[in-house]
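Here's a quick briefing to read alongside the coordinates. Have the viewer open and follow the topics in turn.

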Amino acid sequence: MADHKHDAGHAHTEEHFREKHLMLDPLPRGQMNDMVMESMTGKPGWKFWTAVIILSGIVAYGLVYSWAKMIAEGVGIAGVNRPSYWGIFLVNTVFWIGISHAGTFISAILRVFKAEFRRPFTRAAELMTTFGLVQAGFSVFMHMGRVWLSYWLFPYPNQRMLWPNLHSPLTWDLLAITTYLLSSTMYLFLPLIPDMAMARDRSTGWRKNLYKALALGFRGTEGEWTHLRHAMNIFAFAIIPVMFSVHTIVSWDFAAATRPGWNSTIFGPYFVVGALHSGMGAAVIVLAVIRSNMKHMDYFIRAEHFDAIGKLMLIISMTWAYFFFNDYMVQWYGGDKWTHQLLHFHEAGPLGWMWFAMLFCNVVVPWAILWNTKWRSTPWLVSTVGIIINVGMWFERYIIVPISLTINRAPFTWRMYTPGVEIPLGIGTLALFILLYVLASKLIPLIPVWEVQEGQMAHELKKFGRETVVSVSELE
Amino acid sequence: MTNAIPEVKLAEEHVGKWGMVINQDICTGCQACVAACAMENNITFVGEEDSGYGRSMHWIRIERFWEGEYPEVKMTPNQPMLCQQCGSAPCEPVCPAFATVHSTAESLNLQVYNRCVGTRYCANNCPYQVRSFNWRDYERPEPLPNQFNPDVTVRRRGVMEKCTFCIQRIHKAQDEAKSEGREVMDGEFTTACAQACPATAITFGRTDDPQSLVSQLAHKGHGVKHLEELGTLPSVTYFKGG
């Protein structure tokens, strides 16, 4: 049991436990299935359609039109220049890969460690991984000068025997992201199978056909469950090193270069922690939105979940601060004149406010709010902290990419970077991310019902004298 | 006794088969080399606005620096900066598509325009910042479209480019020498920038031939290679304050 601390005012009554913890508040399985089906298949209201129309409009302008224009006219309509050859495109790539991290982190690590509070929100988190990686892919491909030739970066047999350059961190990056996208999609799909079977048995028409295909004929026999558990266990363990490797390789795009401010040996773990920082923040926003906008979701997602994720956010914020200091300290102590110029430019340059805002958003705000159980259990407050952390982490990537690129060893070329078409493109990826979520909420259950039911079966309230005690049985 | 610490072996024998010496003391900063290079290599005309925003595409540029604060400003010698044709170039390993590769035969860094997909990683990793990117398909005002050099590819948008040490001239001289059954002679040809320099501040030639002018100048003693501490093994030697 993850957390059953008692407040001073509450006695250890059964009602208290049931109200607080989803695992101790079981509903009949049929009723729970119907709740999830209703949240998914219920007639979409005006809110849904307004969101879909607005988001599709932003995607059409920001992503489709702006990108088409950039392909037709050249990268010149963006703000990238010499020396900031990368700009917001790579900021967004790193940002989206970061977001996509927490999904797998929550799901795989918490599953491996059997943290019970994970049960209702693994699906929403895993979707974040898949949808986030789509945006990362868009962001990195749109920055290319000749994107129509991007297939040259993939190893495919061709007449001229030309292969991608395996010395290049960008090639590693592409292979790592592809591996991550494929494995996280499979990992998303496996726990979805029983829910698809549940939905198949409760729907008609095109939905029935869709769920029938996706359920792969799952009937819920003992053998099927055993196989599914095995597969999920293998994936949960295997995806953790993949997740670490992906963001480490993203950091090598920078750390392997010869530039001051980039060439840092700590960038690997620093980036991984940074990714988890922004990703946990994003997860909490998603949960708060699902909880307040979808039917019956306040039953599944409760204050205890925000409390648990809030604790993780606080720990990750502390770890991030530690790595930030470590990176800064050693670079500064090294005494290289170019690095000193760069560090001075970070803090005192024209965008110095961003450096301070980054520290405020990533360290001060989470530390000031998340230490308190009561504040941590307030969904709107924790999700606001999540938004602030994401702004801070975006600033961090902005400082690493265009601001650090401004200062190099050739002072004649130093020049500020002003974003151009990157802004609609970036907003377009954000809108597509939200749009995919909105559409997914009508197609697949965002709550893994079977996992919740499994957890509730394992939890039991026992009475010893006047004291009520939680008991959890071992499932495997 | 065996040496426990292996010696660092730099590929010296491959370094700078073709090399350049630039004398900053006699450079007047007249930009003739910049113009000649643009004409020779079909470099596009980016216009005032893009040029001011850091998108000029010159393969050679004259860098001017000053020391001190106004009004006591002291100009330092002009510094022509071009691709240093590094022996161990940071731009080369980072290209995912093998568009920037090393020519062992000529000891040059080649840029394969039709293989470039435009990730711009090479330009980020160049410590000299001498690579230029085709941000757009720029219009060439009249009469510039009438003077294309037929020996040089015209690049389109989305492609990286940089100084080639006028590889078309190198190849032409090599072909002529081969047809006459001899080696390329020193001073037989030179790059467009060196040819145009009225002060002869730029000398180009073979550094593997100890008798060539460029070798003799390069070994005069007070030559400097830029950012040599990075281990890039540049092929351009600079003289200043001699």
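Chain A of this predicted model averages a pLDDT of 90, with 97% of the residues scoring at least 70; pLDDT is the predictor's confidence in each residue, from 0 to 100. For chain B the mean pLDDT is 88, and 93% of its residues reach 70 or more. Overall, the model scores ipTM 0.89 and pTM 0.91.

**Ground rules**
- Residues are numbered from 1 along each chain as its sequence is written, while chains are lettered from A and ligands numbered from 1 in the order in which they are written.
- As this is a predicted model, local features need pLDDT of at least 70 and side-chain atom pairs count only at pLDDT 80 or more, whereas totals for chains, interfaces and linings use all residues.

- Over residues 6-10 of chain A, pLDDT stays under 50, and the model has 2 contacts beyond four places in sequence for them. Two residues are in contact if their C-beta atoms, placed from the backbone, lie within 7 Å.

**Where the chains meet**
- On the A side 34 residues are in contact with 32 residues of chain B.
- Helix α6 (residues 169-189) of chain A gives the most to the A side, with 3 residues. Helices (H or I, at least four residues) and strands (E, at least two) are DSSP runs, numbered from the N terminus.
- By class, that side of chain A has 16 nonpolar, 12 polar and 6 charged residues. Here Ala, Val, Leu, Ile, Met, Phe, Trp, Tyr, Cys and Pro count as nonpolar, Asp, Glu, Lys and Arg as charged, and the others, Gly among them, as polar.

**The largest nonpolar core**
- This core has 176 residues, of which Ala102(A), Met128(A) and Ala283(A) touch the most other members. A nonpolar core is a set of buried Ala, Val, Leu, Ile, Met, Phe, Trp, Tyr and Cys residues joined through C-beta atoms within 7 Å.
- "Buried" takes 20 or more other C-beta atoms within 10 Å of a residue's own, "exposed" 12 or fewer, and "partly exposed" is in between, with C-beta atoms placed from the backbone.
- Beyond four places in sequence, the contacts of Met128(A) include Ile99(A), Ala102(A), Ala283(A) and Val286(A).

**The open sheet in chain B**
- Three strands line up in the order β10-β1-β11, with mixed pairing; two strands pair if DSSP finds at least two bridges between them.
- The edge strands are β10 (202-206) and β11 (236-239), each pairing on one side only.
- Strand β1 (residues 18-23) of chain B runs parallel to β11(B) over 4 bridges, and Met20(B) stands opposite Val236(B).
- β1(B) and β10(B) run antiparallel, joined by 5 bridges, and Trp18(B) sits opposite Arg206(B).
- β10(B) is mostly covered, as 5 of its 5 residues are buried.

**The hairpin in chain A**
- Strand β1 (residues 459-464) of chain A lies largely in the open because 0 of its 6 residues are buried.
- β1(A) pairs with β2 (residues 467-472) of chain A in the antiparallel sense over 6 bridges, and Glu460(A) stands opposite Ser471(A).
- Between the strands of this hairpin there are 2 residues, and Gly465(A) takes a positive phi near 65°.

**Phe45(B)**
- Phe45(B) is in the loop between α1 (32-40) and α2 (47-55) of chain B.
- Phe45(B) counts as partly exposed because it has 14 other C-beta atoms within 10 Å.
- Leaving aside neighbours within four places in sequence, Phe45(B) is in contact with Tyr138(B), Arg140(B), Pro141(B) and Leu144(B).
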